[in-house]
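Here are some exercises to work through with the structure open in your viewer. Try each task before reading its solution.

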Amino acid sequence: MKNTNEMELVFDSRPVNEGFARVSVAAFMTQLNPTLEEVSDVKTAVSEAVTNALIHGYDGKVKKIMIRCWIEGQTLYVEIRDEGKGIENVEKAMEPLFTTRPELDRSGMGFAFMEAFMDNVYVESELGKGTLVRMKKTIGKGRELWTTQSL
Amino acid sequence: MEYQIEENSLTIFLPAELDHCNAEQVRKRADMLIEHNHIKYVIFDFANTNFMDSSGIGVLMGRYKLVYLVGGEVWAVNANERIRKILKMSGVTKIIQMFEEEKQ
């Protein structure tokens with residue numbers, strides 16, 4: 001039997017739901033005993049991915065965004081998926097400062113922030129089908145070290 | 001959105017969370033005020049802000065693009081440690097001014 005704990009969320013791609021998505025994932029990860037900073041990191045990464053699905057995947061139209069989270073040991077996995085237009089060139093999209101919507105005041109730093117705050121970011125996309133962003137973060141790494149040193 | 005105008009200076013008191021949703025509202029209001037009041041200096045007050053993602057960076061950068069043409073400046077003030085970390089990470093601190101209160 002797999003030793004994982006999973007949750008799945010489906011919600012409308014409305015800007016007002018961005019906060020809801022952040023808080024939901026934050027609530028789910030509480031069982032890992034994260035520091036405030038770890039929670040902030042994950043919330044920021046989730047915010048970036050959800051915003052991308054909304055603005056880019058769906059071009060602001062109201063469709064469904066799917067979030068799936070699971071925990072394996074001390075590692076949190078977060079998957080954010082949309083069934084929108086897909087990314088033409090994933091490598092280019094993940095370049096810092098690159099954006100296809102400069103007129104919307106987009107900084108082009110979404111992926112850069114995700115990569116900075118999570119241990120790993122994996123992107124799968126198909127034009128016309130949708131995009132999947134999978135990120136993971138091992139929680140409590142820093143604190144383990146601290147305990148060892150204090151002994 | 002709470003704001004304050006003094007001559008050609010606009011201070012915007014940002015909300016608790018500056019994400020894409022709130023950034024849109026801030027952007028629209030700010031641009032209207034900047035144009036209508038010939039604003040040269042835009043000051044973003046982060047005193048109430050405890051969350052910001054790259055959408056917030058976009059708001060700062062976008063307003064800078066507006067005012068630098070008239071020789072203006074954009075300031076970020078009263079940012080807490082987390083917000084300052086995000087501002088520095090994004091590199092936006094190269095073009096906007098930061099003001100940090102001396103803690104006693």
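The exercises below concern a predicted model, and each comes with a worked solution.

**Exercise 1. The sheet of chain B**

Task: work out the order of the strands in the open sheet of chain B, and find its edge strands.

Solution: 
- Start with the order: five strands of chain B line up as β1-β2-β4-β6-β7, and their pairing is mixed.
- Next, look for strands that pair on one side only; these are β1 (2–6) and β7 (97–99) of chain B, the edge strands.
- Finally, follow the twist, which averages 20° from one strand to the next.

**Exercise 2. A strand pair and a helix**

Solution: 
- As a reminder, strands of a sheet pair through backbone hydrogen bonds, either parallel or antiparallel.
- To place one residue in the pairing, take B:Phe13: opposite stands B:Asp45 in β4(B).

**Exercise 3. The cavity**

Task: search the whole structure for cavities of 30 Å³ or more, and describe the lining of the largest cavity.

Solution: 
- The search finds one cavity of 30 Å³ or more, and the largest cavity holds about 50 Å³ of space.
- List the lining by chain: A:Leu104, A:Asp105 and A:Arg106, together with B:Ala23, B:Glu24, B:Arg27, B:Ser55, B:Gly58 and B:Val59.
- Sort by class: three residues are nonpolar, two polar and four charged.

**Exercise 4. The largest pocket**

Task: which element gives the largest share of the lining of the largest pocket?

Solution: 
- Begin with the volume of the pocket, about 560 Å³.
- The lining has 28 residues, with A:His56, A:Ile87, A:Ala93, A:Thr100 and A:Phe111 lying nearest the centre of the pocket.
- Elements supplying at least two residues each include α2 (36–57), β3 (75–82) and β5 (130–138) of chain A.
- The largest share, six residues, comes from α2(A).
- By class, the lining has ten nonpolar, twelve polar and six charged residues.

How values were computed:
Residues numbered from 1 in each chain as written. Chains lettered and ligands numbered in written order. Predicted model: local features only at pLDDT ≥ 70, side-chain atom pairs only at ≥ 80, totals over all residues. Heavy atoms only, no water. Pairing = 2+ DSSP bridges. Helix = DSSP H or I, 4+ residues; strand = E, 2+ residues; numbered from the N terminus. Axes fitted to C-alpha atoms, helices over the stretch in contact; angles between N-to-C directions. 1 Å grid on protein atoms, 1.4 Å probe; cavity = no way out; pocket = protein on both sides within 12 Å on 5 of 7 lines; lining within 4 Å. Points joined across faces, edges and corners; volume = space filled by probe spheres on them. Nonpolar A, V, L, I, M, F, W, Y, C, P; charged D, E, K, R; others polar.
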